[in-house]
Amino acid sequence: MTDTIDAPASGAAAPVFTIPQERRIVTAIPGPRSQELHARRLEVVSAGVSSVLPVYIARANGAVLEDVDGNRFLDFGAGIGVTTVGHTEASVVAAAAGQLQDVIHTLFTITPYEEYVRVAEWLAKLTPGDFAKRSVLVNSGAEAVENGVKIARRFTRRRAVAVLDHAYHGRTNLTMAMNYKAHPYATGYGPLAGDVYHAPGSYPYRDGLSGADAAKRTISYLEKAVGATDLACLVVEPIQGEGGFMVPADGYLPALQEWCTANDVVMIADEIQSGMARTGRVFASEHFDWVPDLVLSAKGIAGGLPLAAVTGRAEIMDASQPGGLGGTFGGNPVACAAAIAVFEAIDRGELLAAGARIEAALTAGLEGLRERYDIIGDVRGRGAMQAIELVQPGTAETTKEPNPEAVQELIAFAAERGVLFLSAGTFGNVLRFLPSLAVTDELVADALSVLDDAFAALG
Ligand SMILES: *Cc1c(COP(=O)(O)O)cnc(C)c1O
């Protein structure tokens, strides 16, 4: 048997994978070599850095991770939505490798290079809204959030920052204060940044509100707790990520944008998890007819290399003084070259089509499970960003009591059989599916059959 296999035909030219796209468990999980590495890690890596599944990965390709013991896992996390185009995707690898030969670093703010400009051109083209746009490139999602807030404050000359309940925006000082959950992200790390206000959002499964009513509630909070004239920006994930993949009610986001525009508040879409073709649209905002003032990108933007961006209205972005924005590694040429390969794949339509295909396969399977297991309270998401919310037995129609224990049991059961699922949710009771777009329908079906067995085995 050769180590290179063809993907099952599914429309477009089938990519060739360098690791067979199948799960294969050959040791206990974690295996002996992973356990050895884990012991070494505990001696030198901070205890503050945790790992969901301590199997150490040696190779990855497409939708499959291969660990140091030779076990293969179907990856339904994609590094939290980072390897959206697939692990070690061929065009990303080629672009990054070529760039490594040409120039690795100059610092754009000293001597610039074309790749940075090309990324900004693509972002201007792909982000929602038909108006002049500018971008700044940085290294991480949290850094994009920090810069989005800086830019909005500079433009509005106002101080306050608003976010929504259940939000997640990062682990830096400002973004810790913007998260809904203090634990584990902020516990003991204070004092936190001030002037951050947490408004109620839209969570149809639990609040039952229409988009208009949820927006009214958010706006009422902002007007009373902050006051529009002091508010620099409202930062919103169009589909909340860590909070549990909440899809807002129809009309919610455009109503907030309308209020922000009327009050000269900059409305910022944190598309760090939901963007880059993950949901079947280039940016999830498009599903909701939302045209944000600024869009934050990171995670899936460069096929796995670290890159992030703030993109938005030229007048807002250009309000910053020269030298006010930037950073040593921001817009690294190798990361930019990889991002351009991702943009070209988006432009060819492949990724958007894959998002729609995966949504169909995943939601059909998950709705089928919901009919059979009454602890599945909700199935929601868009494209390859789907989730189920689990509740205690018998409470799906009433109190919807969160069931985080079941989520942990399902994840452990699947991991031992070679499927990597991730949890999410303010209450830890959401199982999320964010595979790479290279995942085939056959792999989705296989993962769902493991999940079915996991539900059947629940205590
Ligand atoms: C991951 C994430 C961030 C933070 O990105 P980092 O690269 O981890 O700093 C911010 N916002 C959202 C919605 C995210 O999912």
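# Exercises on a predicted model

Glu271 sits in the loop that links strand S10 (266-270) to strand S11 (294-297). The model is predicted.

## Exercise 1

Task: Decide whether Glu271 is buried or exposed, and find which side chains it makes polar contacts with.

Solution. 
- Step 1. Take the relative accessible area of Glu271, which is 1%.
- Step 2. Apply the cut-off: buried means under 20%. Glu271 is therefore buried.
- Step 3. Set aside neighbours within four places in sequence. Glu271 is then in contact with Pro238, Phe283, Ala284, Ser285, Val295 and Leu296.
- Step 4. Look for polar contacts. The side chain of Glu271 makes one of 2.6 Å with the side chain of Ser285. Another, of 2.7 Å, joins the side chains of Glu271 and Ser274.

## Exercise 2

Task: State how far the C-alpha atom of Glu271 is from that of Asn429.

Solution. 
- Step 1. Count along the chain: the two residues are 158 residues apart.

## Exercise 3

Task: List the residues that surround the ligand, then pick out atoms that lie 2.7 Å or 2.8 Å from a ligand oxygen.

Solution. 
- Step 1. Collect the surroundings. They are Ser140, Gly141, Ala142, Tyr168, His169, Glu237, Asp270, Ile272, Gln273 and Lys299.
- Step 2. Gly141 has a backbone N or O atom 2.7 Å from an oxygen atom of the ligand. For Ala142, a backbone N or O atom also lies 2.7 Å from a ligand oxygen atom.
- Step 3. Check a side chain. Gln273 places a polar side-chain atom 2.8 Å from an oxygen atom of the ligand.
- Step 4. Turn to area. The ligand taken alone exposes 380 Å², and the protein buries 82% of that.

## Exercise 4

Solution. 
- Step 1. Zoom in on Phe455. Beyond its neighbours within four places in sequence, Phe455 is in contact with Leu369, Tyr373, Ile375, Ile376, Ile388, Leu390 and Leu410.

Technical notes: Residues numbered from 1 in each chain as written. Predicted model: local features only at pLDDT ≥ 70, side-chain atom pairs only at ≥ 80, totals over all residues. Heavy atoms only, no water. Contact = heavy atoms within 4.5 Å. Near = heavy atom within 4 Å. Polar contact = N/O pair within 3.5 Å; in protein donor to acceptor, adjacent residues only side chain to side chain. Areas by Shrake-Rupley, 256 points an atom, 1.4 Å probe, with all protein chains shown as cover. Helix = DSSP H or I, 4+ residues; strand = E, 2+ residues; numbered from the N terminus. Buried < 20%, exposed > 50% of the residue type's maximum accessible area, 1.4 Å probe, protein only.
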